[in-house]
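Here is a friendly walk through the strands and pockets of this protein. Have the structure open and follow along.

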Amino acid sequence: MPSHVHRVALVLFACLCALPAAQAAPPRASCAQVMRVLGDQLADAVCVESPDLTTTNPQTTPADNALPGLPPSAFTPRADRAVLVDMVSTPPVKTPINSVVPGLQISARIATDPLGQARFVLRLPFNWNGRLVVAGASAQRSEYNGDFAWSDYVVQKGYAYASQNKGTLNFKISQASDPLACRLNPTSGIFVHFYDDDPGQAFTRWTDFMIEATRLARLGIKGAFGQGPHYTYAVGTSNGGYQVRRAIEEAPQLFDGGVDVEGTYVDQKAPNLLVDLPRAVLNMPDYVSHGQDANSTAARNIRSAGYPPDIASTVAGGLSFWQRHDASYWELTLCQWQKRLDPAYDSYGAGLANYDYYRRQAVSDVGQQVGRIATTGDIQRPIVTVVGTMDALLPIDHHARAYARAVRARLPDGSGRAAGHRQGSYRLYEVQNGNHIESYKAFYPQLEYLLPHTQRAFDLLVSHVESGWALPPDQCIARGGAIASTPQQPGHCAEYLVGP
């Protein structure tokens with residue numbers, strides 16, 4: 001061989017040797033591998049090799065009331081997954097499913113919970129992409145709450161997915177004589193007992209079990225694939241959004257970022273639900289008796305508590321936007337929080353409409369109880385908040401914007417970006433006419449869905465964390481619009497409701 005050819009061959013050989021080996025696909029996971037590392041940390045665990053981890057497979061989400069020994073409504077996975085999307089419209093509006101995702105699904109109780117109610121689900125696609133998403137749960141919903149909105153979206157992309165139930169079952173039907181029972185609304189004779197109000201069920205458990213689910217998921221992934229996740233993201237809606245905030249505030253070392261959708265804000269002084277909801281409950285009867293007059297004193301009082309304007313029903317005799325919240329959420333949510341945080345108050349004697357958080361602090365420890373669960377805004381990882389301007393359960397200025405103010409008060413330069421690094425970045429994306437309940441768009445066409453914006457925000461967060469791309473600035477997302485790098489409406493939306 002000529003010398004020059006020999007030299008070229010040697011160079012080529014050296015170059016080929018220097019190339020990194022092709023990254024091997026993760027080994028195929030097995031239930032035996034996962035349960036070997038998780039077995040003693042879970043109770044009543046069931047691991048299955050699923051042909052499809054999406055909700056196309058009816059086995060992915062258990063049937064309601066499927067757990068033996070529990071009363072009806074204590075465990076309602078299929079009802080729970082429906083509340084984060086619009087299952088009322090035809091066709092339903094939820095995450096499109098375009099692929100089959102075989103993998104492992106593990107469901108169990110968390111063995112360390114002394115109350116025996118904390119539950120956990122873990123989904124491990126065989127085509128795992130090296131990342132983990134951990135979801136919070138809204139209200140008192142189960143670990144299957146995010147199946148339509150979050151799990152279907154991320155498992156199709158190869159993410160491992162985990163969720164939990166905040167350490168609590170949902171509720172059971174009760175009666176007025178039960179001191180911890182709440183009626184469904186001011187005119188209802190039906191009372192329900194939330195497990196979350198029972199002794200030992202401190203709301204601090206919500207953060208604890210979000211963190212514990214993350215730890216368990218990371219451990220399970222390592223057992224399945226021989227390595228832990230390269231990146232871990234938290235996602236959640238409403239009380240699940242609160243879980244995202246608190247978990248990242250308390251355990252930033254476990255997370256690379258989070259998406260908080262219309263999360264609950266809690267401040268020991270204000271705002272918090274115990275301050276705002278009584279004003280809505282108190283003024284609603286007068287508002288209705290005055291013909292739902294937007295200029296009435298009652299209407300002004302409700303709006304002054306932060307609530308967006310009412311929307312009339314498009315159906316003769318139908319409920320207005322406020323009336324629908326009053327019938328389904330306002331008093332019931334107030335009762336549930338009061339029973340947990342200030343149980344000595346006489347809910348239906350003194351009256352929930354007359355609850356005065358500031359006066360109650362003189363005769364109870366409610367202020368300290370609220371302080372223990374307060375959101376601090378002290379983040380060391382990026383968080384993106386997505387919220388609708390028409391949120392009438394957690395009004396935008398007292399929850400999403402309040403949290404944004406708390407974060408910026410903590411960050412060095414006050415801009416929503418930590419000085420010199422991206423770990424503490426924060427963004428607030430406001431959806432014009434978006435509201436807390438996706439299915440309400442079926443009743444009020446002026447409303448807009450949050451779901452496509454929350455999923456887009458997740459993808460933008462991932463690009464920010466993993467590729468260093470700048471997050472789009474805070475903005476108002478116009479009706480029919482999308483999150484933009486150069487928004488037409490930077491900052492807050494000017495109005496809560498626009499358009500016909």
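Let us begin with strand 3 (residues 119-125), which runs antiparallel to strand 5 and is joined to strand 5 by four bridges. Helices (H or I, at least four residues) and strands (E, at least two) are DSSP runs, numbered from the N terminus, and two strands pair if DSSP finds at least two bridges between them. Across this pairing, Leu122 stands opposite Ala162 in strand 5.

Before going further, a note on the source: this is a predicted model, in which local features need pLDDT of at least 70 and side-chain atom pairs count only at pLDDT 80 or more, while totals for chains, interfaces and linings use all residues. Residues are numbered from 1 along each chain as its sequence is written, and side-chain values use heavy atoms, with hydrogens and water left out.

How many residues of strand 5 (residues 160-164) are buried? Five of the five are, so strand 5 is largely enclosed by the rest of the structure. (Buried means under 20% relative accessible area, exposed over 50%, partly exposed in between, with a 1.4 Å probe and protein chains only.) Ala160, Ala162 and Gln164 point one way from the strand, and Tyr161 and Ser163 point the other way.

Strand 4 (residues 131-135) runs parallel to strand 9, with five bridges between them; Ala135 has Val235 of strand 9 as its bridge partner. Strand 9 (residues 231-237) is mostly covered, with six of its seven residues buried. Strand 9 also pairs in parallel with strand 10 (residues 257-261) over five bridges, and Gly236 stands opposite Asp260 in strand 10.

An open sheet of three strands has the order 6-8-7, with antiparallel pairing. Its edge strands, strand 6 and strand 7 (181-183), each pair on one side only. From one strand to the next, the twist averages 40 degrees. Strand 6 and strand 8 pair over four bridges, and Phe171 has Phe194 in strand 8 as its bridge partner.

Helix 9 lies across strand 7 and strand 8, and runs at about 165 degrees to strand 7. Contact here means heavy atoms within 4.5 Å; axes are lines fitted to C-alpha atoms, for helices over the stretch in contact, and angles run from 0 to 180 degrees between N-to-C directions.

**The pockets**

On a 1 Å grid over the protein atoms alone, a pocket is an open set of points where a 1.4 Å probe fits, with protein on both sides within 12 Å along at least five of seven lines; lining residues have an atom within 4 Å of a point. A volume is the space filled by probe spheres set on the points.

| Pocket | Volume | Lining |
|---|---|---|
| Largest pocket | about 700 Å³ | 31 residues |
| Second largest pocket | about 370 Å³ | 21 residues |

Ala139, Arg141, Ser328, Tyr329 and Leu332 lie nearest the centre of the largest pocket. Which element gives the most to the lining of the largest pocket? Helix 9 does, with seven residues. By class, this lining has 18 nonpolar, 11 polar and two charged residues. (Ala, Val, Leu, Ile, Met, Phe, Trp, Tyr, Cys and Pro count as nonpolar, Asp, Glu, Lys and Arg as charged, and the others, Gly among them, as polar.)

In the second largest pocket, Val46, Pro62, Gln105, Ser107 and Tyr144 lie nearest the centre. Strand 1 supplies the largest share of its lining, four residues.
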